[in-house]
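This briefing goes through a single model by topic. Please keep the sequence and the structure in view while reading.

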Amino acid sequence: MPDRPTDPAHPNPGISLTTLPSSAQISPPLSAAVAFDPSAQRSPVRSLYIHIPFCVHKCHYCDFYSFVDTKDQQAAFITRLLAELAALAPHTHDLHRTPVPLHTIFIGGGTPSLLRLDLWATLLSKLNQLFDLSHIRARAPGTEFTVECNPESTTDELLRILLAGGVSRISVGAQSFHPHHLQTLQRLHNPDNVARALTLASNVGIPRTSLDLIYAIPNQTLAQWQADLTTALSLNTTHISCYNLTYEPTTAMTARLYAGEFTPTDEDLEADMFQLTSELLASKNLQRYEVSNYALPGHESQHNLAYWLQHQWLAAGPSASAHIHAAASPLLGSHRYKNRPTLAHYLDFSDRGYAPITSHEPPDPKRLLQETAMTAVRLARGLDLNSFLPQLNHITPRSLEPFTRQANELRSDGLLHPASTHPTTLAVTDRGWLLADLIARKLMAAI
Ligand code: SF4
């Protein structure tokens with residue numbers, strides 16, 4: 001399920017979050033090797049990601065940490081997850097140890113909708129005890145609580161439990177409405193169940209839904225992709241994510257590609273599919289607000305925006321990745337770390353509730369600026385130069401001239417321009433969307 005940050009499994013053995021956290025001061029994710037000022041004041045974290053690793057089947061293109069659910073580990077997993085959430089909760093407290101309201105929660109996987117209903121009830125009850133969900137429950141602007149759902153395992157009963165627990169949005173993995181393309185991906189659901197899941201959500205009262213679609217599947221034609229988009233639009237969802245199929249190094253799909261079982265989609269066809277996507281979805285007012293994401297105005301994914309705007313987020317569950325500012329000022333950089341991606345280690349290891357860590361990037365102000373530029377130019381709103389350039393000048397003044405030169409070159413090439421709503425931004429043009437990754441790489445390299 002692709003709409004969240006991922007990184008490849010790291011080969012290092014697990015490392016614990018050894019020191020730590022009370023009140024608003026998040027621990028260093030790692031201990032001695034990390035230069036860390038424990039007296040630094042951090043702002044409370046407002047976003048939380050939870051990873052549920054169980055799936056019905058391992059899809060051939062998937063490199064997320066997930067495995068076939070044998071039903072016998074769910075209870076132990078939830079018990080362990082609750083301990084981790086209890087350890088993380090103080091990082092959402094202010095300096096007076098008072099919980100501040102969370103803005104966003106995203107429960108992904110894996111296939112969260114596979115969890116037993118009683119375990120869902122337990123998890124949501126505990127979340128509501130440990131964290132302040134008052135703004136989410138009031139559906140305040142800028143808040144969101146999303147759960148990823150598989151079309152087959154989305155039931156009326158499940159959705160009622162989710163709604164009672166504060167969930168305001170479900171994201172349904174449709175991927176394609178053509179059974180033979182689903183077969184190529186080894187997605188085993190019946191495409192008719194996508195509409196059923198969305199109807200159930202609407203009937204139960206979950207206010208927002210999103211669909212995931214994949215294009216550039218081997219042998220997929222432009223007409224078939226158009227039909228997928230048309231079907232998705234007919235389902236009245238307010239958010240659609242459209243990802244091109246990527247061949248990750250360790251997946252079965254990539255092995256089949258190398259074995260000659262199929263050929264990847266022609267690049268020109270893929271570009272046509274990308275272009276068609278924005279044109280067709282815009283005709284129904286679903287505007288592209290990120291390279292792969294489209295929404296009615298006001299229905300953008302608030303949790304994913306937290307990722308792309310370099311906000312802080314906590315992470316729980318095996319393989320989940322977190323991003324925590326080093327201090328109150330993001331100018332000082334941020335920690336990024338990832339829980340070890342194996343259930344056995346997750347269950348076996350606990351340091352006061354914290355999970356074993358497999359990788360950690362210590363704070364690096366220059367890296368944070370690079371990441372800020374990279375994710376901002378993939379957003380329609382673009383990079384706010386009024387705030388970015390002074391930061392760049394402060395952190396790495398020698399980068400100011402090369403960055404400005406590179407930005408001007410991209411402007412001359414017609415790939416960047418000021419966003420229409422904000423004249424002091426750097427945003428990709430219609431022509432630039434197709435090259436957004438290249439543009440981001442060039443800007444990062446200039447910093
Ligand atoms: S359902 Fe999603 S997470 Fe599970 S194997 Fe398939 S793509 Fe991966």
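**Helix α7 and its surroundings**

The buried residues of α7 pack against β6 (169–175), β7 (208–215), β8 and α9 (267–282). The model is a predicted one: local features need pLDDT of at least 70, side-chain atom pairs count only at pLDDT 80 or more, and totals for chains, interfaces and linings use all residues. Residues are numbered from 1 along each chain, as its sequence is written.

Terms used below:

- Helices (H or I, at least four residues) and strands (E, at least two) are DSSP runs, numbered from the N terminus.
- A residue is buried if 20 or more other C-beta atoms lie within 10 Å of its own, exposed if 12 or fewer, and partly exposed in between, with C-beta atoms placed from the backbone.
- Two residues are in contact if their C-beta atoms, placed from the backbone, lie within 7 Å.

Helix α7:

- The buried residues of α7 are Trp225, Asp228, Leu229 and Ala232. They cover an arc of only 95 degrees around the axis (the arc of the directions from the helix axis to the C-beta atoms), which puts them on the same side of α7.
- The face of α7 turned away from its buried side has the exposed residues Ala223, Thr230 and Ser234.
- An α-helix has 3.6 residues a turn, so residues three or four places apart point the same way.
- With 13 residues, α7 reaches 18 Å from its first C-alpha to its last, close to the 18 Å expected at 1.5 Å a residue; the expected span is 1.5 Å times one less than the number of residues.
- Gln226 is placed in helix α7 (residues 222–234) and counts as partly exposed, with 15 C-beta neighbours inside 10 Å.
- Leaving aside neighbours within four places in sequence, Gln226 is in contact with Leu276 and Leu280. Its C-alpha atom is separated by 9.9 Å from that of Tyr215, 11 residues apart along the chain.

Helix α1:

- Helix α1 (residues 74–88) has 15 residues, which at 1.5 Å a residue should span 21 Å; its end C-alpha atoms are 21 Å apart, which agrees.
- The buried residues of α1 are Arg80, Leu81, Glu84, Leu85, Ala87 and Leu88. Seen down the axis of α1, these buried residues fall within an arc of 150 degrees, so they line one face of the helix.
- Packing partners of the buried residues of α1 are α2 (117–130), β11 (314–316) and α11 (343–348).

Helix α15:

- In helix α15 (residues 436–445), the buried residues are Ile439, Ala440 and Leu443. They cover an arc of only 100 degrees around the axis, which puts them on the same side of α15.
- Exposed residues Asp437, Leu438 and Ala445 are carried on the face of α15 turned away from its buried side.
- The buried residues of α15 pack against α12 (365–376), α14 (400–412), β16 (416–419) and β17 (422–428).
- Lys442 is also placed in helix α15 and counts as partly exposed, with 19 C-beta neighbours inside 10 Å.
- Not counting residues up to four places away in sequence, Lys442 touches Gln406 and Leu410. The C-alpha atoms of Lys442 and Phe403, 39 residues apart along the chain, are separated by 8.9 Å.

Backbone geometry in loops:

- Lys71 has a positive phi of about 70 degrees although it is not a glycine. Lys71 lies in the loop between β3 (67–68) and α1, and is exposed, with 9 other C-beta atoms within 10 Å.
- Asn236, a residue other than glycine, has a positive phi near 60 degrees. Asn236 follows α7, is found in the loop between α7 and β8 (239–244), and counts as exposed with 12 C-beta neighbours inside 10 Å.
- The peptide bond from Gly109 to Gly110 is cis, with omega near 20 degrees. Gly110 is placed in the loop between β4 (104–109) and α2.

Ligand shell:

- The ligand is surrounded by 11 residues, of which the closest are Cys55, Cys59, Cys62, Phe64 and Ser66; a residue is near a molecule if its C-beta atom, placed from the backbone, lies within 6 Å of it.
- By class, this shell has five nonpolar, five polar and one charged residues. Ala, Val, Leu, Ile, Met, Phe, Trp, Tyr, Cys and Pro count as nonpolar, Asp, Glu, Lys and Arg as charged, and the others, Gly among them, as polar.

Confidence:

- The protein chain has a mean pLDDT of 90, and 90% of its residues reach 70 or more; pLDDT is the predictor's confidence in each residue, from 0 to 100.
- Over residues 1–39 the pLDDT is below 50, and this stretch has 84 contacts in the model beyond near neighbours in sequence.
- Where pLDDT is low, the predicted coordinates should not be read in detail.
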